[in-house]
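Please read these points beside the model. They cover the ligand site, the strands and the aromatic rings, in that order.

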Amino acid sequence: MVSRVVVAGGGIGGLATAVALHQRGIPVVVLERAPEFREIGAGLSLWPNAMRALDSLGLAAQVRAAGAVETGGGVRDRAGRWLSRTDNAAIERRHGWPLVVVHRAELLRILVSALPASSLRPDSEVHAVAQDGSGVSVTHRGGSEHADLVVAADGLNSILRRQWWPRAAGPRYVGCTGWRAVTKPLPRLEVEGAVLWGRGERAGFTVLPGSRYYVFGAVTAPRGAAFDFPRHFAGWPDPLPALLAAVPDGAVIARDVHDLPPLPTYVCGRVVLLGDAAHAMNPILGQGACQALEDAVTLAACLDGPDVDTALERYDRVRRPRTQSIVRRSARLDAVAQWTWPPAVLARDLGARLTPARATLRAMEPVLGWTVG
Ligand code: FAD
């Protein structure tokens, strides 16, 4: 049985892991580089698999109440015509939970409030981990911590992955800039949220609580390209231009999108990778944080067993194939979304229009149908 755990990184994955361990009575500290536990960022889609993970932590109802549930949505073409529709009631009937869109800061607040203050160590950037037969020693800005196990939940550019997986390839640029923002409060629109697919670019919107909208998208571009997003999407169908105009100045967050080539294992002795540190993925399926939540509750459940090494082996066996297949699936879909050649775009859009909504939902079944193992 594990007697103390250090989590490196207090994002969604790290905090959810700490909550799951704390609920089992396992002492845990979360070392976070930032001066406070806070997410910059905008909205976040939480699919039923993530809601099930949150439900196992007793937090799903709170998250649902803090988020927004649209009746539907889907994908439109560049002219605004529907290509495929999502029926959120059908998702809820099938999976027990709908798609919930929450502000990241709200999700973080809920996770933080499920932990005792003594577990939370902001301003504690992790520098390195040493391992010996008796466990791990984690050196950080404020000193060091000893534990049986360190969970490396330190994101895409994980320092612990670089230290313990020195030969692993680093993050791979997927060829587009992802952008997101939250509008000021606005009168409620009469249209359902949607993602519009253009040629090598996409833009979407969905409602958030507080009469705000989450707007997001991606533009195929060389690494480091900068955009004036309101101007870039000015000619797109309503309500996108109006929504972008309602984003406070300087509030669009734009970053080059990376994913992570597959690792041969998520475990190295008593260092275990979780969330983006293990399997950062293209955001097109909205599954990165959902998978981090699945990782968190699965790792904690594995640690219920008597032997830590067996628990970590099991975590790796269960989580690696699943998460790596979702990384691949996201990459495949993004490659199609990034098409720019007009005949290919026409064929793509026609294919999407001819695919029945039921078939699309069925294709997502293996992702959304996950249950806490
Ligand atoms: P992170 O969120 O990166 O957290 C890592 C934490 O570790 C941070 O707090 C960081 O400060 C800290 N840290 C880093 N280094 C150190 C260190 N050395 N010491 C201590 N702390 C450290 N996913 C979804 O499920 N749904 C979506 O709708 C969705 N939309 C997205 C849209 C975009 C444009 C992008 C880019 C991603 C999207 N994702 C989405 C993916 C999602 O944001 C990530 O998968 C998720 O945030 C990963 O969480 P994490 O805790 O693993 O890592």
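1. Ligand shell by element. Helix α1 (12-23), strand β3 (43-46) and helix α10 (288-302) each supply at least two residues of the shell around the ligand. The largest share, 3 residues, comes from α10. Helices (H or I, at least four residues) and strands (E, at least two) are DSSP runs, numbered from the N terminus.

2. Basis. This is a predicted model, in which local features need pLDDT of at least 70 and side-chain atom pairs count only at pLDDT 80 or more, while totals for chains, interfaces and linings use all residues. Residues are numbered from 1 along each chain as its sequence is written, and side-chain values use heavy atoms, with hydrogens and water left out.

3. Ligand shell by residue. There are 28 residues around the ligand, and Glu32, Ser45, Arg104, Val126 and Asp276 come nearest; a residue is near the ligand if one of its heavy atoms lies within 4 Å of it. By class, the shell has 9 nonpolar, 11 polar and 8 charged residues. Here Ala, Val, Leu, Ile, Met, Phe, Trp, Tyr, Cys and Pro count as nonpolar, Asp, Glu, Lys and Arg as charged, and the others, Gly among them, as polar.

4. Backbone and ligand. Which distances separate backbone atoms of Ile12 and Gly13 from oxygen atoms of the ligand? For a backbone N or O atom of Ile12 the distance is 3.3 Å, and for one of Gly13 it is 2.9 Å. A polar backbone atom of Ser45 also lies 2.9 Å from an oxygen atom of the ligand. Taken alone the ligand exposes 1000 Å², of which the protein buries 85%; accessible areas come from the Shrake-Rupley method with a 1.4 Å probe.

5. Strand β14. Why is strand β14 (residues 201-208) described as largely enclosed by the rest of the structure? The reason is that 8 of its 8 residues are buried (under 20% relative accessible area; exposed is over 50%, partly exposed in between, with a 1.4 Å probe and protein chains only).

6. Neighbours of β14. Strand β13 (residues 194-197) pairs with β14 in the antiparallel sense over 4 bridges; two strands pair if DSSP finds at least two bridges between them. Ala194 has Phe205 of β14 as its bridge partner. Strand β15 (residues 212-220) runs antiparallel to β14, joined by 8 bridges, and Val207 is partnered by Tyr213 in β15. Both hairpins deserve a look at the turn: Gly200 takes a positive phi near 70° in the hairpin of β13 and β14, which has 3 residues between the strands. In the hairpin of β14 and β15, again with 3 residues between the strands, Gly210 has a positive phi near 80°.

7. Open sheet. Six strands form an open sheet in the order β7-β2-β1-β11-β18-β17, with mixed pairing. At the edges, β7 (120-121) and β17 (267-268) each have a single partner strand, so one side of each is left without a neighbour in the sheet. Strand β17 is joined to β18 (residues 271-273) by 2 bridges and runs antiparallel to it, with Val267 opposite Val272.

8. Aromatic rings. The structure holds 5 aromatic pairs. Phe227 and Phe229 form a tilted one, 5.5 Å centre to centre with 40° between the planes. Rings of Phe, Tyr and Trp (its six-membered ring) pair if their centres lie within 6.5 Å; planes under 30 degrees apart count as stacked, over 60 as edge-to-face and the rest as tilted. Phe227 is partly exposed at 27% relative accessible area, whereas Phe229 is buried at 4%.

Definitions and conventions. Polar contact = N/O pair within 3.5 Å; in protein donor to acceptor, adjacent residues only side chain to side chain.
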